[in-house]
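Open your viewer and get ready to click along. We will go from one selection to the next and see what is there.

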Amino acid sequence: MRLLANTELKASLAAPDAGIFLDPLLREDQIGSVSIDLRVGYDFLVSVLTRRPAIELAHSANSQKRGVQSYFQETRRRLGERFVLYPHQLVLATTVEYLSLPSDIFADVSVRSSYARLGLGVQTSLQPGWRGTIPLELFNHGNTPVELIVGSCICQAKFFKIDEEVRYVDGSLERKYFGAIRPVVSRAERDSDLANLLKMGQMP
């Protein structure tokens, strides 16, 4: 596996079929020496406090199921508007850009240094063959609210070429977030082993 640098990134973006597809790329200088800057999008899912003691992922026969979606509030901003991320708050967002990866390229997304110094945390990995707007799990690690301007470049993606092709989309596997164009809450409750683990925990 090797990191793609500026020349290879530009060549891959220009390839008509087999390369990286990223749109819209509003400025050419978003492509850096070894990464591409990405813009925060319009839609946000904001985590909210509830009276429930926890987000339940594995549900027993006696529990009242409440969907993960109910722990988040949806809001939208226009390009250039402000969104405030409060201390120790989790917000799910996406990039403005839609990304499609070839089957031999892996992407790693992290916060830009300028925003990391404000307390913002972002960390996402995208498998070869990924398609969709890029999910951003935003978290404010600091003690002060941070204003984000919709459309600003808050994170960056690094792209790695691997030695063999990967089939990300496979009929035998469920891809929980593939093709999404808006923020999506966690679908961990769909993990196939949760029901079995819950039964094991209830054994005498």
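Which residue in β12 is the bridge partner of R39? Select R39 and look across: the partner is C153. Before the next stop, please note that this is a predicted model, in which local features need pLDDT of at least 70, side-chain atom pairs count only at pLDDT 80 or more, and totals for chains, interfaces and linings use all residues. Residues are numbered from 1 along each chain as its sequence is written, and side-chain values use heavy atoms, with hydrogens and water left out.

**Stop 1: strand β3**

Select residues 36-47, which make up β3. Strands here are DSSP runs of E with at least two residues, numbered from the N terminus. Two strands pair if DSSP finds at least two bridges between them. β3 pairs with β12 in the antiparallel sense over four bridges, and four bridges also join β3 to β6, again antiparallel. Click on L45, whose bridge partner in β6 is L92; in β4, L45 stands opposite E74.

Ten of the twelve residues of β3 are buried, so the strand is largely enclosed by the rest of the structure. Buried means under 20% relative accessible area, exposed means over 50%, and partly exposed lies in between (1.4 Å probe, protein chains only).

**Stop 2: the nonpolar core**

A nonpolar core is a set of buried Ala, Val, Leu, Ile, Met, Phe, Trp, Tyr and Cys residues joined through side-chain atoms within 4.5 Å. The largest one has 35 residues. Another core, of six residues, lies apart from it; L45, V68, F72 and V185 are among them.

**Stop 3: aromatic pairs**

Look next for three aromatic pairs. Rings of Phe, Tyr and Trp (its six-membered ring) pair if their centres lie within 6.5 Å; planes under 30 degrees apart count as stacked, over 60 as edge-to-face and the rest as tilted.

Show F21 and Y98: their centres are 6.4 Å apart and their planes at 70 degrees, so this pair is edge-to-face. F21 sits in β2 and Y98 in β6, 77 residues apart. F21 is partly exposed at 44% relative accessibility, and Y98 is partly exposed at 27%.

Finish with F44 and F83, a stacked pair at 4.0 Å centre to centre, with 5 degrees between the planes. F44 is buried at 1% relative accessible area, and F83 is buried at 3%.
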